[in-house]
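I opened my notebook to record a few look-ups. I wanted plain answers, one topic at a time.

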Amino acid sequence: MGKVKNRNWLVFVFLIASLILTLIFAASTGAVKISTAEIIEILAKDADTVNASILMDIRLPRVLLAAVLGAGLAAVGGVMQAIFKNPLVDSYTLGMSSGAALGAVISIITGLNARILGMETTGVFAFIGAVLTLFFVYSLAYTRSRMSINSLLLAGVAVSYFLASVISFLMMLNHDKIEHIVFWTMGSLSMATWNEFFISAALIIPSLAVLMYYTRELNILTMGEDAAHHLGINTFALKNVLLITCALVVGSVVSTGGTIAFLGLVAPHIIRLIIGSDNKRVIPYSALLGSILLVLADTVGRVLIQPAEIPVGVMTSIMGGPFFIFLLRSQKAGRQG
Amino acid sequence: MNIGKGSFFCIVGPNGSGKSTLLRVISAALKPQEGAVYLDGRSINGIKHRSIAGMLSFVPQNTSLEFDFKVSDVVLMGRYPYINKLRGETGKDFEIAEKAMEYTNTTHLKDRSFMELSGGERQRVILAQAFAQDTDILILDEPVSHLDLQHQVEILNLIKKMCVDRKLTAITVLHDLNLASAYGDYIVMMKAGAIMRQGTPFETLTAAGIKEIFDTDVYVSVSPVGNKPYIYALTKPNIDKKGIRVHVICGGGSGSDIISRLCSEGFDLSSGVLAIGDLDWKISKENDMQIAEEVPFVGISGEAYAKNKELAMAADAIVLTGLYLGKSNLKNLELLLEKDLENKPLFILEDESFAARDYTGGDACRMYEMIKFRNNSILTDSKVLKEEIIKAVETHGESKE
């Protein structure tokens with residue numbers, strides 16, 4: 001028992017240290033190299049150099065935004081996998097990301113892209129898109145008061161494809177806004193500003209707190225809904241709270257960074273492989289790992305083929321796709337064995 | 001349905017008769033369309049989820065986890081209804097969980113992963129969780145259906161023990177009527193969503209009751225251990241009748257095996273003279289045979305003898321089994337020397353020496369020798385009896401023509 005706890009702490013410390021190192025690495029890497037010493041100097045004093053403005057106006061908001069979005073996506077992935085008791089579920093496979101992207105695209109082409117209280121309506125549309133898609137997919141899979149996970153995944157993937165083609169169709173009709181739309185569908189952090197970071201952080205960090213508050217219930221939920229009910233959990237209310245919180249996170253991620261695939265799937269799995277399935281740890285640790293991975297993916301995408309940039313969504317797909325296939329295969333092998 | 005403390009309730013009924021639905025209504029997982037469930041005199045739908053969880057725990061047919069949890073974590077989940085969310089589990093909770101594992105003999109599994117366990121072990125862990133939940137009522141939905149005999153008994157013993165030790169009330173759906181009979185203090189029989197009968201095993205698990213609920217013919221006897229009803233399913237595949245009548249002279253169990261076998265081969269049978277309550281008599285009754293019967297120990301009256309003769313006359317063949325002969329049933333042998341029966345093929349089963357079965361001081365032996373040498377007597381044994389009868393009846397029929 002003691003050993004296990006020590007090991008969990010070790011993993012936690014390692015994740016925190018890695019996150020700090022990754023943030024520093026990401027901040028110093030780019031077309032212009034900024035040394036760690038210089039970063040500390042700029043942060044400590046209000047320097048007025050070119051490097052200072054690159055760091056403060058361009059790089060830092062982007063790196064921090066990536067960290068927040070990565071944490072949100074990974075935590076949501078872990079939570080949804082626990083709710084649906086299936087390791088292949090995340091905001092992407094359930095169509096939520098595509099729904100959010102469609103919401104965002106609709107707001108762009110209809111020109112309803114205004115700012116209300118500093119929040120872009122694009123974000124609101126993305127949130128609505130995520131929620132509507134989630135409940136649509138959910139109701140498709142829910143027949144005769146029973147829900148089959150297989151039909152949930154099938155419905156999610158099918159709806160996801162359908163929405164993707166709707167987005168493509170809208171792109172065809174709106175040549176003038178195609179670049180803007182591609183940004184949503186591929187996922188990119190290139191437009192990051194302090195403003196976007198603050199809004200995302202204001203939405204995602206409290207949402208993460210809500211998700212973490214319910215991790216004990218999430219553990220029990222993995223025993224099955226009946227079991228959870230009999231242990232005194234109002235499963236209907238709990239699932240609604242969790243899913244709406246997840247939709248809020250996905251909506252705010254997509255509205256600022258577009259659809260970023262696979263991160264929510266991969267991060268919780270890596271954590272589970274290391275420390276087991278206790279959601280009290282899986283969710284926060286996944287959030288940390290999600291931050292690290294997204295910051296890394298974005299940084300690599302930024303510098304790999306300079307001066308061009310690989311969208312971060314493409315990077316996470318390249319990393320996550322093979323991992324997803326590996327998961328599918330190992331799950332199959334597990335079933336057969 | 002009214003449920004009292006400390007007893008073991010079994011709900012039985014065919015698939016789809018609403019047993020699981022009833023359990024879910026009882027445990028407030030489903031709201032009833034009509035009626036209400038009362039717990040301690042309060043309607044259950046008015047009680048908060050957590051409070052219900054402090055009174056009532058549930059064990060499903062089987063539990064599978066997609067994600068891996070340690071056994072001790074799974075057991076500790078049983079403490080959820082009592083846990084202060086911000087403080088987390090206290091030392092007391094850990095202590096209760098430890099005790100629950102000791103009680104269910106799962107302590108040695110505590111650091112194992114739940115998914116690695118066998119079905120029986122998992123079910124014990126879930127019982128430990130229910131134990132840790134510390135409720136007065138335990139609801140179980142077919143807790144042993146997918147387990148082998150050893151684990152079925154192990155789990156049910158454990159539940160019974162909890163009923164006795166902790167005044168726990170168990171309400172369980174069981175598929176196996178004999179297990180329900182052995183463990184249940186009280187049986188509830190359901191069919192098509194309604195409770196048809198309820199009461200003690202003896203009141204409910206009758207042949208008529210089971211026929212009504214399951215539409216199946218059974219034979220109900222008393223279990224030699226435990227003094228509870230024991231149910232035998234009657235295996236009577238619908239075999240085409242051969243149209244051959246056979247009269248079996250038997251008694252004391254000597255004919256049971258032959259009657260069952262010939263019956264399942266499609267012969268029409270009768271038997272006699274049998275004492276009422278004799279094992280062969282029971283088997284004959286069960287197979288709806290015509291019987292020449294007599295009150296036990298009084299010898300064979302003229303009336304019974306006449307009936308026996310009548311049945312023998314009507315048959316195509318007669319079988320004499322390896323019965324024991326005493327003064328009271330000697331007339332069964334006498335019958336076979338009747339002139340009227342001379343032409344009937346007679347099959348004598350000599351699986352056991354006759355002398356050892358003679359309790360008449362030699363009278364029966366002498367008579368037996370005469371019977372052996374009468375016309376149409378065939379010495380045979382039970383293994384080839386069926387073929388011999390068919391052959392004899394065929395040739396006999398031809399010779400008559």
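**Entry: the model.** I noted at the start that this is a predicted model.

**Entry: helix α3(A).** I looked up α3 of chain A, residues 50-83, and found 34 residues. From first C-alpha to last, α3(A) reaches 48 Å. That is close to the 50 Å expected at 1.5 Å a residue. Where does α3(A) bend? I found a bend of about 40 degrees at Arg59(A). A proline, Pro61(A), follows within four residues. Next I checked burial. α3(A) is mostly covered, with 25 of its 34 residues buried. After the helix comes Lys85(A), and its phi is positive, near 50 degrees.

**Entry: α4(A) and α6(A).** I then took helix α4 (residues 96-109) and helix α6 (residues 149-173), both of chain A. Their axes come within 9 Å and cross at roughly 20 degrees. Angles under 35 degrees count as roughly parallel. I therefore wrote down α4(A) and α6(A) as roughly parallel to each other. The crossing of α4(A) past α6(A) is left-handed.

**Entry: Phe12(A).** I found Phe12(A) in helix α1 of chain A, residues 2-28. Is Phe12(A) buried or partly exposed? I counted 15 other C-beta atoms within 10 Å, so Phe12(A) is partly exposed. I also looked up Phe12(A) against Gln306(A): they are 294 residues apart in sequence. In space they are 34 Å apart, C-alpha to C-alpha.

**Entry: chain B.** Which domains does the assignment give for chain B? It gives domain 1 (8-233) and domain 2 (245-400). The C-alpha centres of domain 1 and domain 2 of chain B lie 52 Å apart.

Note on methods. Residues are numbered from 1 along each chain as its sequence is written. Chains are lettered from A and ligands numbered from 1 in the order in which they are written. This is a predicted model: local features need pLDDT of at least 70, side-chain atom pairs count only at pLDDT 80 or more; totals for chains, interfaces and linings use all residues. Helices (H or I, at least four residues) and strands (E, at least two) are DSSP runs, numbered from the N terminus. The expected span of a helix is 1.5 Å times one less than its number of residues. The bend at a residue is the angle between axes fitted to the seven residues ending there and the seven starting there. A residue is buried if 20 or more other C-beta atoms lie within 10 Å of its own, exposed if 12 or fewer, and partly exposed in between; C-beta atoms are placed from the backbone. Domain bounds come from an automatic or database domain assignment. Axes are lines fitted to C-alpha atoms, for helices over the stretch in contact, and angles run from 0 to 180 degrees between N-to-C directions. Angles under 35 degrees count as roughly parallel, over 145 as roughly antiparallel, 65 to 115 as roughly perpendicular and the rest as oblique. A crossing is left-handed if the near helix is turned anticlockwise from the far one by less than a right angle, and right-handed if clockwise.
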